[in-house]
Amino acid sequence: MEPLLTFSGVELYYDQVYALRNVSLEVNEGETVALIGANGAGKTSILRAITGLRKIRKGEIRFRGQRIDGRPPDELVKMGIAMVPEGRRSFPLMSVKDNLLMGAFTRHDKAEVANTLEAVLTRFPRLRERYSQAAGTMSGGEQQMLVIGRALMSRPTLLLLDEPSLGIAPKLVQDIARSIVAINRDEQVSVLLVEQNSRIALKISARAYALSTGAVALSGPSAELLNDERIKTLYLGGEL
Ligand SMILES: Nc1ncnc2c1ncn2[C@@H]1O[C@H](COP(=O)(O)OP(=O)(O)O)[C@@H](O)[C@H]1O
Ligand SMILES: [Mg+2]
């Protein structure tokens, strides 16, 4: 079967400085794939390339076999790609409810949007408890749940998550990790998970790519990478 998402030979530059060099990777239907690597390795650049926030200089990006590089963001959302950017940006003065409804901006069937909203509130009970509260009054972990929920409101088939565990209390990191597993399993959403917290990312993904200075250094089944001496030395030292 054709992969859901394919990168082939992708190069991305910021001015004259490359951020991605000949990157090829795949996410299959129903899979959770982790992208790990140190700060500055190029993880966020991969997500920016997928969502069209940065133009690629070389290579191709395909979603369900169709070229998507160069398409506008709202078209990508309609195709089924949703991104949760770094730094969990909610609209802090808006209520939890309105933040979630923003995620459904490409959808017009009110009854279906209401069904998705109900499913998101069931997935994240804390959001139901704080439904009318301003998003900015919630903890970092709760806001991370909110932005994941907001992404789910577009009913994606591919969910891109950029460092969901960064700066979040350990207890909530576990909750969020469990939610990601559940979203993938119950809603057949494929996940591309970017994490500096390699241990968690490898534990909840099926396959992973380790990036180093803009190139794929290692890839394989996550269970194997967890026990790979090179990964242990490079990425797992001292964490958790
Ligand atoms: N807006 C930008 N302008 C210039 N250089 C950037 C910009 N964003 C990222 N870079 C550079 O591109 C490289 C990859 O960055 P990034 O994709 O953000 O890495 P990661 O997400 O793995 O930390 C780094 O060297 C970074 O300094
Ligand atoms: Mg990043």
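Six strands form an open sheet in the order 6-7-8-3-9-10, and their pairing is mixed. Helices (H or I, at least four residues) and strands (E, at least two) are DSSP runs, numbered from the N terminus, and two strands pair if DSSP finds at least two bridges between them. The edges are strand 6 (81–84) and strand 10 (215–221), each of which pairs on one side only. From one strand to the next, the twist averages 15°. The model is predicted: local features need pLDDT of at least 70, side-chain atom pairs count only at pLDDT 80 or more, and totals for chains, interfaces and linings use all residues. Residues are numbered from 1 along each chain as its sequence is written, chains are lettered from A and ligands numbered from 1 in the order in which they are written, and side-chain values use heavy atoms, with hydrogens and water left out.

Strand 9 (residues 207–212) runs antiparallel to strand 10, and six bridges join the two. Within this pair, Ser 212 stands opposite Ala 215 of strand 10. Helix 7 (residues 170–187) lies across strand 3 (32–36), strand 7 (158–162) and strand 8 (190–195), and runs at about 160° to strand 8. Such angles run from 0 to 180 degrees between N-to-C directions, with axes fitted to C-alpha atoms, for helices over the stretch in contact; contact means heavy atoms within 4.5 Å.

Two bridges connect strand 4 (residues 58–63) with strand 5 in antiparallel fashion, and Phe 63 has Gln 66 as its bridge partner in strand 5.

Helix 1 (residues 43–50) supplies four residues, the largest share of the shell around ligand 1. Among the residues around the ligand are Tyr 14, Ala 38, Lys 43 and Arg 48; a residue belongs here if one of its heavy atoms lies within 4 Å. The shell divides into four nonpolar, five polar and two charged residues, where Ala, Val, Leu, Ile, Met, Phe, Trp, Tyr, Cys and Pro count as nonpolar, Asp, Glu, Lys and Arg as charged, and the others, Gly among them, as polar.

An oxygen atom of ligand 1 lies 2.7 Å from a polar backbone atom of Gly 40, and an oxygen atom of the ligand is 3.0 Å from a backbone N or O atom of Gly 42.

Technical notes
A polar contact is a pair of N or O atoms within 3.5 Å; within protein, one must be able to donate a hydrogen and the other to accept it, and residues adjacent in sequence count only if both atoms are side-chain atoms.
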